[in-house]
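I opened the notebook to look up a few places in this structure. The entries follow in the order in which I made them.

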Amino acid sequence: MSDKPTPVLRESATFDRLTIQEIQRAAETGIYDIRGGGTKRKLPHFDDLLLLGASMSRYPLEGYREKCGTDVVLGTRFAKKPIHLKIPVTIAGMSFGALSAQAKEALGRGASIAGTSTTTGDGGMTPEERGQSQTLVYQYLPSRYGMNPDDLRKADAIEIVLGQGAKPGGGGMLLGMKVTERVAGMRTLPIGVDQRSACRHPDWTGPDDLAIKIAEIREITDWEKPIYVKIGASRPYYDVKLAIKAGADVIVLDGMQGGTAATQEVFIEHVGIPILAAIPPAVQALQEMDMHRKVQLIVSGGIRTGADVAKAMAMGADAVAIGTAALIALGDNHPRLDEELKKIGSAAGYYDDWQNGQDPAGITTQNPELSRRLDPVEAGRRLANYLRVLVLEAQTMARACGKSHLHNLDPEDLVALTVEAAAMARVPLAGTNWVPGQGF
Amino acid sequence: MNKFDLATDSVRELNQALHDQAKELTEREWHVSNPGGKHNLVVGVNEALSIDIDGHAGYYCAGMNQKATVTVHGNVGVGVAENMMSGVVRVKGSASQAAGATAHGGLLVIEGDAGARCGISMKGVDIVVGGSIGHMSCFMAQAGRLVVCGDAGDALGDSLYETRIYVKGTVKSLGSDCIEKEMRAEHLDELKELLHRAGFNEDPASFKRYGSSRQLYNFKVDNASAY
């Protein structure tokens, strides 16, 4: 036996194995990597915040006895028919095309059971989705695939999409394997093309034009429906102010942890800012224009638990939206799919090739054999269960903070665990009165 | 005839009155005076009405039109007949940018010139322009026909899908994946019919046809420089 120590291999922090693999992949293929989902890097997030429960200076509400309200009204600024949701957790926009018809139906079913809204995506509104969604938000995107005034009138609200957190400034894509006859027909495209979606709206540029565009949609729908404006988080202070000026009823702010059906990996990981850093400037913008709680703020990007919901609302959001978590609740990345996922080069818990249409869960696919695997009723029930848990968890924490409604949570209920999170969330570092950037 | 005077009536009142026709049709002929370049005139109409606008209109005139025949006796701003589904919109003057943007159906006639991005992302509409059009027209256009009796600006038909483009005059430059194509008999017939419907007395044989070479329909490494 040798006395020599076993050599320890040292991995480069700069050229780690993933980086080396990506350089090798790029050299082999000559094209960037495309995948689904959101950023995988560790970012300052809600986990870096803590809620301060009640003690001597605050008193809590009885956990199972005293009421803690959860409802939210969206679109009170101008719409004749604002939306009243039972819970402040909505389902984010995801397209039929990116998702199977069964998955869209399941989202509608689950959201309706739980008393919340779901949202269309690029590619238009399907009958399955409209039929099963008690409250449906119709997205108005740069591509205008499938956009038509009949569906506009059928919607309960309209969301003008300027960007999404996974790719602010980027257009969408749907690769050819998912552009089936039905998807292509709805989007007026040849079957099997790698569909590109524009990154800018075709008929307006800038906030002054947006004001006219919002007025047009209001005119077409007789001022009945709330108009949301969705922003990918990058410069939220200015974007929120401009959206308010343009006449938005509701701002949807999507952080970089938000998912996508298909985007370049480099885009997902390197563009935009975390939702934790985006909420305070957005709330500041609303407050400075005396519009906080008058123009409602929905935030998204990495919402997973009731704690995330409570913290987001304490930071000033009126509601949150979930996308990736909703797909997981439907059955995405389930351990029972591990063997099948390994056959396509992934594993349960890691699967992000939502762009390629091979999802064994039947969610991010247009393959009829795969999509048939998803039972919309059962998947909808799972989503409803998950939504209930999110709300129960958020209520539990709100009551512990002495709040009779989730909207009564406020920044004074929060502290941060790290200097970075304290600076971004604009709350004190735990155990101190210090908010970085706001003096001592 | 139902008459609206936008010197005294509001755009909201006009649009609501037009929308109410979809529920109970009481008047087919409509006349709008003193439009004054106002935005969002006669948007979201969903009935076979005949509407004359006596003057200039602003942004999104006749936006999302269904079934109606709208005639603007003047010029129009950005996005005339945007996302139109059916019907006819005729502009006696010229149009600003994004005329007929994303429109799915119907006929848009512009007797004068159209600005940049005419027919951008069009999805089935027919557009006939008596004069010339600006740059980036038919960008990402998916379906339908664009006829231009004058000239076309830079980057015509960039990233084109299945829209067919006919231009009589010069094309300053073609966009990525847009090429000149053979004018066959069926195209001459189609063009003749479009010119006739639009009311232009032009010889179809004097036009050239442009369309997609379909090289960018699927991502290929070798095409990276085209984007």
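**Entry 1: around A:Ala111**

Setting aside neighbours within four places in sequence, I found A:Ala111 in contact with A:Ile91, A:Thr116, A:Ser117, A:Thr118 and A:Ser133. Two residues are in contact if their C-beta atoms, placed from the backbone, lie within 7 Å. The model is predicted: local features need pLDDT of at least 70, side-chain atom pairs count only at pLDDT 80 or more, and totals for chains, interfaces and linings use all residues. Residues are numbered from 1 along each chain as its sequence is written, while chains are lettered from A and ligands numbered from 1 in the order in which they are written.

I placed A:Ala111 in helix α2 (residues 101–114) of chain A. Helices (H or I, at least four residues) and strands (E, at least two) are DSSP runs, numbered from the N terminus. Is A:Ala111 buried or exposed? A:Ala111 is buried, because 28 other C-beta atoms lie within 10 Å. The cut-offs, with C-beta atoms placed from the backbone, are 20 or more other C-beta atoms within 10 Å for buried, 12 or fewer for exposed, and partly exposed in between. I also looked up A:Arg35, which is 76 residues from A:Ala111 along the chain; their C-alpha atoms are separated by 26 Å.

**Entry 2: two positive phi values**

I noted that A:Asp290 has a phi near 55 degrees, a positive value in a residue other than glycine. A:Asp290 sits in the loop between α9 (275–288) and β14 (296–300) of chain A. With 10 other C-beta atoms within 10 Å, A:Asp290 is exposed.

A:Arg293 lies in the loop between α9 and β14 of chain A too. Its phi is near 75 degrees, again positive in a residue other than glycine. A:Arg293 is partly exposed, because it has 13 other C-beta atoms within 10 Å.

**Entry 3: helix pairs**

Two packed helices are described by the angle between their axes and the distance between the axes. Axes are lines fitted to C-alpha atoms, for helices over the stretch in contact, and angles run from 0 to 180 degrees between N-to-C directions.

I took helix α10 (residues 306–314) and helix α14 (residues 376–400) of chain A: their axes come within 7 Å and cross at roughly 55 degrees. That makes α10(A) oblique to α14(A). Angles under 35 degrees count as roughly parallel, over 145 as roughly antiparallel, 65 to 115 as roughly perpendicular and the rest as oblique. The residues of this contact divide into 10 nonpolar, two polar and one charged. Ala, Val, Leu, Ile, Met, Phe, Trp, Tyr, Cys and Pro count as nonpolar, Asp, Glu, Lys and Arg as charged, and the others, Gly among them, as polar.

For α6(A) and helix α7 (residues 236–246) of chain A, the axes come within 8 Å and cross at roughly 40 degrees. This makes α6(A) oblique to α7(A). A:Pro207, A:Leu210, A:Ala211 and A:Ile214 in α6(A) meet A:Leu242, A:Lys245 and A:Ala246 in α7(A). By class, I read six nonpolar, no polar and one charged residues there.

**Entry 4: chain A against chain B**

How many residues does the contact take from chain A and from chain B? The contact takes 22 residues from chain A and 38 residues from chain B. Helix α6 (residues 206–220) of chain A gives the most to the side of chain A that touches chain B, with five residues. That side has 11 nonpolar, five polar and six charged residues.
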